[in-house]
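These are my notebook entries on a single chain. I set down here what I looked up, topic by topic.

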Amino acid sequence: FFFLRCWQQMWMALCCVLGRVTRLAPPTRLAAPVLSASRPALHGHAAAARAPLRLIRSMADDAAALEELPTVDENGQPLSKNALKKLLKARQIAEKKAKKAAEAAGRGGGGSAPASGSVESGSGSDGGPEEAVAPWGFSDLGVVMSAERRPDFAPAAVAQLGVPGGPGPGDEVVVRGRLATVRGKGSSAFLVVRAGSLHTVQAVFFRDASYPRQSKEMLSALQSLTEESVVEVEGRLQPAEVLSCSQDGVEIAISKVRLVSAAAPKLPFEIEDAARSEAEVDASEHTDRPLPRIGQELRLNNRWVDLRVPANSAILRVKASVCALFRESLGAQGFLEIQTPKLVAGESEGGADVFRTDYFGTPACLAQSPQL
C-alpha cells in the first residue's frame, strides 16, 4: 500500500508539471523544443513511477516461490523461516547456473548443456578467457535407477590400500564408500572415505594455479559434500602419514570424484558421537564442553545410522562369523538347515501371546517355542 501511495503522489506531481509547461509555453516555434527537451525528464519520472511496481512484482515472485518449497523436513518437523530462505536462495542459485549453462551451450554452437554438478568444462562463465579442460573434475551421477550398466567397474578394497600385496604409491585406484569427514582449508580439501565401517582412507585435492577458475569450482563442490554421502574417488596413491585413518601410510591424490548418493545435511546424530564410550561421555560432563549422549531410544529409532558405528558393525561381523562356523561344521556332519516359522496363527505354548500382531487382517503371534 505504501508503494502504491507513493506511485499515486508521483503521478499527480507529474500531471501538475505537464499542465504547467503547457500553460506557460508561448505559441511559437520554441514550444516544440521546450516540450522536446522536457521528454527525458518525463521519462525519468515514468521510470521512477514504475520502480515500485517492479519491487512489488519481485516480492510477489518470492512469495510464490516460498509457497512451492517444502514446509517440513525429513522428520516431519516444520521448517523455520531461515531454513526456507536458505532453500529459496539455493533454488535461485541453481536456476541462475542452469541459465548460464544454457547460454554457454547456445554460444558454443547449440551443444548440450553440461550435467548438473559437473566441474569439467573449461569455458569461462563470466566471459573471461577460456581455460583448458582440467585433468580432474567433479560430477553428480544423480538418480542412477540401474539405467547404466558398468560390468567392468571394480573398485579397489580400501583395506588393501598401502598393504603388501595391494595397490601402493604410484598406482591409479578407484574406491567407493561413504564420506566420514569433509574438511576444507582455503585452497585445499580433505575427504575421508569409509568402507565397511572399519577401514578409512584420506583423499586430498589442492588448488592448481594453472586452472584457477576450475580449481575454485572443484574446491567448492568438494567442500559442499555432506557426511555419509556415497562417493566414488579416483586418483593416484601417494605416500603420506595419516594417523586418523586405518590406511595410515598412503592417501589418494584426487583426479575424479563422482557423487553417487547425497546424504541429508543433518543426520539424527553424528556417528562420531555414537562411537564414544559411556566413560568418555561421563568424564566430559564436568568440563566446559560436555560431549552429547546418544540414548538407546534415539539409536533404535534410527538403527540405519547406528549400524554404521564401528563397534556395532564389529558385533554384527563377529556374530556372522560364528554363525558361519556353526553352519560349516554342522553341514560337514550331514545336518540339514531349515527355517522355522516366526509367526503362528494361535498362541504359543504356555499361552504366551504378548507379541501379538496383525498379519494381513489375520491375528498372529510371534513364535516362542524352539520346537517349531
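**Entry 1. Burial.** I take buried to mean under 20% relative accessible area, exposed over 50%, and partly exposed in between. I note that the model is predicted. I began with T200, which I located in strand 4. T200 has a relative accessible area of 13% and is therefore buried, since this value is under 20%. Leaving aside neighbours within four places in sequence, I listed the contacts of T200 as V158, V192, V193, R194, S244, C245, S246 and Q247.

**Entry 2. The whole chain.** I counted nine helices and nine strands in the secondary structure of the chain. Of its 372 residues, 26% count as buried. I recorded an accessible surface of about 25400 Å², with 58% of it belonging to carbon and sulfur atoms. Among contacts with a separation of 6 or more, 56% are accounted for by residues 24 or more positions apart.

**Entry 3. Q247.** From T200 I followed the contact to Q247. I found Q247 in the loop between strand 5 and strand 6. Is Q247 buried or exposed? Q247 counts as buried, because its relative accessibility is 6%. Its side chain reaches the backbone oxygen of L161 at 2.7 Å. Beyond neighbours within four places in sequence, Q247 is in contact with V158, A159, Q160, L161, V163, H199, T200 and V201.

**Entry 4. Nonpolar cores.** In soluble globular proteins, nonpolar side chains tend to be buried together. I looked up the largest nonpolar core and found that it has 30 residues. Those with the most contacts inside this core are F138, L161, M218, L222, V233, I252 and I254. At least two residues of this core come from each of strand 2 (172-184), strand 3 (188-195), strand 4 (199-206), helix 4 (212-223), strand 5 (230-239) and strand 6 (250-261). Which element gives the most to this core? Strand 6 does, with five residues. For I252 I listed the residues touched, not counting those up to four places away in sequence: L161, V173, V175, V201, Q202, A203, V204, V233, E234, G235, R236 and L237. Apart from this core lies another, of six residues, including F269, I271, A274 and V309.

**Entry 5. I294.** I found I294 in the loop between helix 6 (278-284) and helix 7 (296-301). I294 counts as buried because its relative accessibility is 11%. Its contacts, leaving aside neighbours within four places in sequence, are F269, D273, A274 and R299. I294 and D273 are 21 residues apart in sequence, and their C-alpha atoms are 7.2 Å apart in space.

**Entry 6. Salt bridges.** Side chains of opposite charge can pair when their charged atoms come close. My count came to 15 salt bridges.

- E172 and R236 meet through their side chains at 3.0 Å, N to O. This pair links distant parts of the chain, with E172 in strand 2 and R236 in strand 5, 64 residues apart. E172 is partly exposed at a relative accessible area of 48%, and R236 is partly exposed at 43%.
- E228 pairs with R194, the closest N and O atoms being 2.8 Å apart. E228 lies in the loop between helix 4 and strand 5 and R194 in strand 3, so the pair ties together parts that are 34 residues apart in sequence. E228 is buried at 4% relative accessible area, and R194 is buried at 9%.
- D282 and R293 meet at 2.6 Å, N to O. D282 lies in helix 6 and R293 in the loop between helix 6 and helix 7, so the pair ties together parts that are eleven residues apart in sequence. D282 is partly exposed at 36%, and R293 is partly exposed at 41%.
- R176, E232, E234 and R258 are linked in a network.

**Entry 7. Backbone angles.** I noted that E228, although not a glycine, has a positive phi of about 75 degrees. F360, also not a glycine, has a positive phi of about 55 degrees. I located F360 in the loop between strand 8 (356-359) and strand 9 (362-366). F360 is exposed, with a relative accessible area of 78%.

**Entry 8. Surface patch.** Which residues form a nonpolar patch on the surface? I listed V318, V322, F326, L330 and F335, which together have about 490 Å² of accessible area. F326 lies in helix 9 (residues 310-332). F326 counts as exposed because its relative accessibility is 56%.

How values were computed. Residues are numbered from 1 along each chain as its sequence is written. This is a predicted model: local features need pLDDT of at least 70, side-chain atom pairs count only at pLDDT 80 or more; totals for chains, interfaces and linings use all residues. Side-chain values use heavy atoms; hydrogens and water are left out. A nonpolar core is a set of buried Ala, Val, Leu, Ile, Met, Phe, Trp, Tyr and Cys residues joined through side-chain atoms within 4.5 Å. Buried means under 20% relative accessible area, exposed over 50%, partly exposed in between (1.4 Å probe, protein chains only). Helices (H or I, at least four residues) and strands (E, at least two) are DSSP runs, numbered from the N terminus. Contact means heavy atoms within 4.5 Å. Patches are made of residues with over 30% relative accessible area and no salt bridge: like charges are joined within 9 Å, nonpolar side chains (Val, Leu, Ile, Met, Phe, Trp, Tyr) within 5 Å. Accessible areas come from the Shrake-Rupley method with a 1.4 Å probe; for residues, only the protein chains shown count as cover. A salt bridge is a side-chain nitrogen of Lys or Arg within 4 Å of a carboxyl oxygen of Asp or Glu. A polar contact is a pair of N or O atoms within 3.5 Å; within protein, one must be able to donate a hydrogen and the other to accept it, and residues adjacent in sequence count only if both atoms are side-chain atoms.
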